[in-house]
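User: Could you walk me through how the terms used for this model are decided? I'd like to see each value set against its cut-off.

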Amino acid sequence: LAVIPTAINNVFHWGHGLSTFAIRFVTVAFGVGVVWLMLCTRKYVGSAAAFAAAALATVSPGFVFFSRYFIHEILFVFFSLGVIVAWLWYRDTGKPRYLMLALASAAMLFATKETWIITAAVWLIAIPCTMVFLRLRNRSDAVPPLLPEPLPSAVLRHSS
């Protein structure tokens, strides 16, 4: 992916190839993309949680460091979150384009770093744990909910 800004840099700077801009553009763009993907989870985690996650990531020293340093970690985070967001969109709409987007993100995740297998293992553990959690939470007579329900967006719009 770094070839694209480097090629553009070659056009504008007469073949001098790499520059600070060309090297850091990819990680900065994907860092901004991670914040955008966090905001795309509003429907699933609630507006307050999505905005808090995006705001905290934006000012996090580690996140800012990896978003400006030419290293593949921020791309790994972007593609991991991209798989989840695209899968949620596919689950809601049933549109094949979201499934293809999830698969493309998964393919890029696998191509980015060999530790993708750890991420996949965590997902495989998290899925049954989430299903059990949701079943327990939905049994109103057995156990009180562990987490409050997210506020509807209409309530959040009228409260501000």
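User: What covers the buried residues of H7?

Analyst: Happy to start there: the cover includes helix H6 (73–93) and helix H8 (116–138). Helices here are DSSP runs (H or I, at least four residues; strands are E, at least two), numbered from the N terminus. Please keep in mind that this is a predicted model, where local features need pLDDT of at least 70 and side-chain atom pairs count only at pLDDT 80 or more, while totals for chains, interfaces and linings use all residues. Residues are numbered from 1 along each chain as its sequence is written, and side-chain values use heavy atoms, with hydrogens and water left out.

User: Which residues of H7 are buried, and what makes them line one face?

Analyst: They are Tyr98, Ala102, Ser105, Ala106, Leu109 and Thr112. Buried means under 20% relative accessible area, exposed over 50%, and partly exposed in between (1.4 Å probe, protein chains only). Seen down the axis of H7, the buried residues fall within an arc of 125 degrees, so they line one face of the helix. That arc is taken from the directions from the helix axis to the C-beta atoms. On the other side of H7, Pro96, Met100, Leu103 and Ala111 are exposed.

User: Why is Thr27 called buried?

Analyst: Thr27 has 1% relative accessibility, so it counts as buried. This residue lies in helix H2 (residues 20–39). Leaving aside neighbours within four places in sequence, Thr27 is in contact (heavy atoms within 4.5 Å) with residues including Phe66, Tyr69, Phe70, Ile71 and Leu75.

User: And why does Phe12 count as exposed?

Analyst: Its relative accessibility is 60%, and therefore Phe12 counts as exposed. Phe12 has its place in helix H1.

User: What makes the nonpolar surface patch, and which helix gives the most to it?

Analyst: Leu1, Ile4, Ile8, Val11, Phe12 and Met108 make a patch of about 610 Å². Helix H1 (residues 3–12) gives the most, with 4 residues. Patch residues have over 30% relative accessible area and no salt bridge; like charges are joined within 9 Å, nonpolar side chains (Val, Leu, Ile, Met, Phe, Trp, Tyr) within 5 Å. A salt bridge is a side-chain nitrogen of Lys or Arg within 4 Å of a carboxyl oxygen of Asp or Glu. Accessible areas come from the Shrake-Rupley method with a 1.4 Å probe, and for residues only the protein chains shown count as cover.

User: How many helices and strands does the protein chain have?

Analyst: The protein chain has 9 helices and 0 strands.
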